[in-house]
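Hi everyone, thanks for coming. Let me put the structure up, and then I'll walk you through a few things.

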Amino acid sequence: MSPGEKAEDGEGRNGSYTEVLLAHIKTPDLSIEDLFKRVRNSLNIKTNGKQTSWEHMSLIGEFCFNYGYVSGEYSIKYSKNALVDSRFSIEDNKLGEIIESLKSHNWYVQNPAISKVRKIDLTDFKIDSIFVLGRNIYQAACGKASAAVEYINDLYVELKLLDGEAAFHILNGMLYEIYFSSLGKIRKRLKTECFEKVLRVSDKVMFEESKKFIRYTLLPNEEKVIFLPGNESFIIDLYFENYQDDEKVLSKVFYNGQNVLYDDEDELFDYESSWDIGRKKYEELEVKLSKMLACPISKMQITNHGFNDDEYIHAPHFFKLMNYVN
């Protein structure tokens, strides 16, 4: 309570503060700061302004009491061979032929296959096959097959034309392909050539279940994938040091109060001993960070330290952003 105030007993077994805390604490994905704001507003209303909650915190980073995507409700429903699609057995049917064509890495074979997708009823096929179809449409688009690129560019419209279940499994496959290799392992470098279009669709209310699916699937890899689809923002601090010719070099990247800038050997990046540093425009660094994180630039909130809008900076060619603090 605020200094000098007296806590009210409430109407049941709990005091007024506990009552409103319990009313809000089950809200999924609510940050601890927003939780306490809601509690304070509700308590103020419940006690007619006689009681104001009070917090004193020194938390670093984000915390939710109820992480809404940990429920088994969103557990993976696809077979291991669909998740490790290098082992996926393609069935001898129309959809199997399309998937085989998309796997060819030949534009002249892939482009006609995309046209065939629009002509078949996907509800006739198993969910594993539809999921793998989504994976391969996305990989064909990343390989610059024009028809696949067009499909991704119009993804929201394309999915709305499908049965809801089929759309769900195709979108799940595309999201999974961004983060996981054909061996079912988290990618060392995320496949982000077309990621913004896919994530934008998963943010739509009608495709919220796909967003829940990929978030749940990524939970065991949060140290390597620190921006999860559905997050409204990603706040980072970039630190620069003096380098050659009075230009700046990226030295640290802080997220949730921790330096998350690592080299390719999974060691904290040390610019003084690194040999792979290159000169680039700051805007190029922003794009690189966006693709490394699979985080749209529009959702990145970056604060620069030691950088005065110089046209060029130095940064490592190869690095990782990894979060080792839970």
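So, how many disulfides does a search of the whole structure find? It finds zero, where a disulfide is a pair of cysteine sulfur atoms within 2.5 Å. Take C194: it is in no disulfide, and the nearest cysteine sulfur, that of C142, is 4.3 Å away. C194 is also buried, with a relative accessible area of 12%; buried means under 20% relative accessible area, with a 1.4 Å probe and protein chains only. Another cysteine, C295, is buried with a relative accessible area of 0%.

A word on the ground rules. This is a predicted model, in which local features need pLDDT of at least 70, side-chain atom pairs count only at pLDDT 80 or more, and totals for chains, interfaces and linings use all residues. Residues are numbered from 1 along each chain as its sequence is written, and side-chain values use heavy atoms, leaving out hydrogens and water.

Now the overall picture. The protein has twelve helices and eight strands, taken as DSSP runs numbered from the N terminus: H or I of at least four residues for helices, E of at least two for strands. Of its 326 residues, 45% count as buried. Among contacts (heavy atoms within 4.5 Å) with a separation of 6 or more, 68% are between residues 24 or more positions apart.

Last stop: K248, which sits in strand 2, residues 248-255. Is this lysine buried or exposed? K248 is buried, at 13% relative accessible area. Thanks, all!

How values were computed:
Buried < 20%, exposed > 50% of the residue type's maximum accessible area, 1.4 Å probe, protein only.
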